[in-house]
Amino acid sequence: MSDDVTFWFDPSCPYTWRTSRWLIAVTDARGMTVDWRLMSLAVLNEDKPVSPRVRTVQEGGRRAGRVLTAVDEKYDTDAVERVYTEIGIRVHEQGRDIDERVLTEALVAAGLRADLYFAVEDDQMDEYLVESHYEGQDRVGIESGSPIIAFGEGPGFFGPIVVPVPEDEAAEKLFDAVRLLAAVPEFSELKRSRNRI
């Protein structure tokens, strides 16, 4: 199995943020490559009843997803990771909402042009975002939330969900376990109650 990892994420999801921090720490230490792909909880829940607050958060994620899609189109997956990190610091660590100021600050902090923010109104970016979203769903095989992880050309899996972010030996063990499970074609699901944030 390839060492490359594909990671589909919605930038508004706090669980995904924690998983991404774990994934970056382990793959950086191992010299592995992560391909950062967008998905959208707003698209996933478009026809579902969700609270107005959740809908607002998820729509913020969709807007950020459009900007990140533009970053991917103009630059590369490494630039996507840098901008996502800057968005996540502001949203998931500082408690701010995803808005124009957060997105433009994140772009500048990642060394990119602030005017990429205007992709939030670009219908073509939305089309690419939706396409990427459904690629992730297809890798899992069923409707799935954020994040989705896949190793090489193997199947995608929802998760892992980590609270708090595992570190050091625990982080390494979790990575090896998820990678090993992904290499077993007969394996399909493992679940327990979720830790609270």
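Before checking strand pairs, I noted the rule: two strands pair if DSSP finds at least two bridges between them. I also kept in mind that this is a predicted model.

Entry one, the partners of strand 1. I looked up strand 3 (residues 148-151) and found that strand 1 pairs with it in the antiparallel sense, over four bridges. Then I turned to strand 2 (residues 34-38), which pairs with strand 1 in the parallel sense over five bridges.

Entry two, Thr 6. Which residue in strand 3 is the bridge partner of Thr 6? I found Ala 150 there. In strand 2, the bridge partner of Thr 6 is Asp 35.

Is strand 1 mostly covered or mostly open? I read it as mostly covered, since five of its five residues (5-9) are buried. I checked the directions too: Val 5, Phe 7 and Phe 9 point one way, while Thr 6 and Trp 8 point the other way.

Entry five, Ala 109. I located Ala 109 in helix 5 (residues 100-109). Why does Ala 109 count as partly exposed? Its relative accessibility is 41%, so it falls in that class, which lies between under 20% for buried and over 50% for exposed. Leaving out residues up to four places away in sequence, I found that Ala 109 touches Glu 86 and Arg 90. I also looked up Thr 85, 24 residues apart from Ala 109 along the chain, and their C-alpha atoms are separated by 9.8 Å.

Notes
Residues are numbered from 1 along each chain as its sequence is written. This is a predicted model: local features need pLDDT of at least 70, side-chain atom pairs count only at pLDDT 80 or more; totals for chains, interfaces and linings use all residues. Side-chain values use heavy atoms; hydrogens and water are left out. Buried means under 20% relative accessible area, exposed over 50%, partly exposed in between (1.4 Å probe, protein chains only). Contact means heavy atoms within 4.5 Å.
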